[in-house]
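Hi everyone, thanks for making time. I'd like to walk you through one model today, so please have a look at it while I talk.

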Amino acid sequence: PLWQCFNCRVYFSFSHQLVYDVCDTNKIEDEFHFLMECEFYRDFRKSLFDKAKTKIQLFNELADNDKFKYLLRDCNFYVSKYLKDAWNKRKNKLYN
């Protein structure tokens, strides 16, 4: 399941002590920030949220923590695409 990628941190090497310069907020780049908050991935997130709204009309009314849980639980395909695209954009900024 997709949530295991986040829990075991095998596929995405996040550290709760690292701050990356991809969005200029100086926030710790954890899973929640990467998926829900980071402005650097805003376009990908908009697409993800639009797709989630096709599954649950009141998606925008959910609290951010509930959106996060819903996405990881019920939108694996859409979140997988978001992760792939966002991770590649992140990698290109940090290492190119």
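First, some housekeeping. This is a predicted model, so local features need pLDDT of at least 70 and side-chain atom pairs count only at pLDDT 80 or more, while totals for chains, interfaces and linings use all residues. Residues are numbered from 1 along each chain as its sequence is written, and side-chain values use heavy atoms, with hydrogens and water left out.

Let's start with the fold. The chain has five helices and zero strands, and along the sequence that reads α-α-α-α-α. Helices here are DSSP runs of H or I with at least four residues, strands are runs of E with at least two, and both are numbered from the N terminus. Of the 96 residues, 38% are buried; buried means under 20% relative accessible area, exposed means over 50%, and partly exposed is in between, with a 1.4 Å probe and protein chains only. Among contacts with a separation of 6 or more, 46% join residues 24 or more positions apart, where a contact means heavy atoms within 4.5 Å.

Now, the core. The largest nonpolar core has 23 residues, and Leu 35, Tyr 41, Leu 71, Val 79 and Tyr 82 have the most contacts inside it. Such a core is a set of buried Ala, Val, Leu, Ile, Met, Phe, Trp, Tyr and Cys residues joined through side-chain atoms within 4.5 Å. Helices H2 (31-37), H3 (42-55), H4 and H5 each supply at least two residues of this core, and the largest share, five residues, comes from H5.

The buried residues of H5 include Val 79, Tyr 82, Asp 85 and Arg 90. Leaving out residues up to four places away in sequence, Tyr 82 touches Phe 34, Leu 35, Tyr 41, Phe 44, Arg 45, Leu 48 and Trp 87.

That brings us to the rings. How many aromatic pairs are there? The count comes to eight, where rings of Phe, Tyr and Trp (its six-membered ring) pair if their centres lie within 6.5 Å, and planes under 30 degrees apart are stacked, over 60 edge-to-face and the rest tilted. Phe 32 and Phe 68 make an edge-to-face pair, 5.2 Å centre to centre with 65° between the planes. Phe 32 lies in helix H2 and Phe 68 in helix H4, so this pair ties together parts 36 residues apart in sequence. Both Phe 32 and Phe 68 are buried. Phe 49 and Phe 59 are also edge-to-face, at 5.0 Å and 70°.

Next, a lysine: is Lys 67 buried or exposed? Lys 67 is buried, at 8% relative accessible area. It lies in helix H4 (residues 64-74), and beyond its neighbours within four places, Lys 67 contacts Met 36, Phe 49, Phe 59, Asn 60 and Leu 62.

Finally, the cysteines. Cys 38 counts as buried at 0% relative accessibility, and Cys 75 does at 1%. The model has zero disulfides, taking a disulfide as a pair of cysteine sulfur atoms within 2.5 Å.
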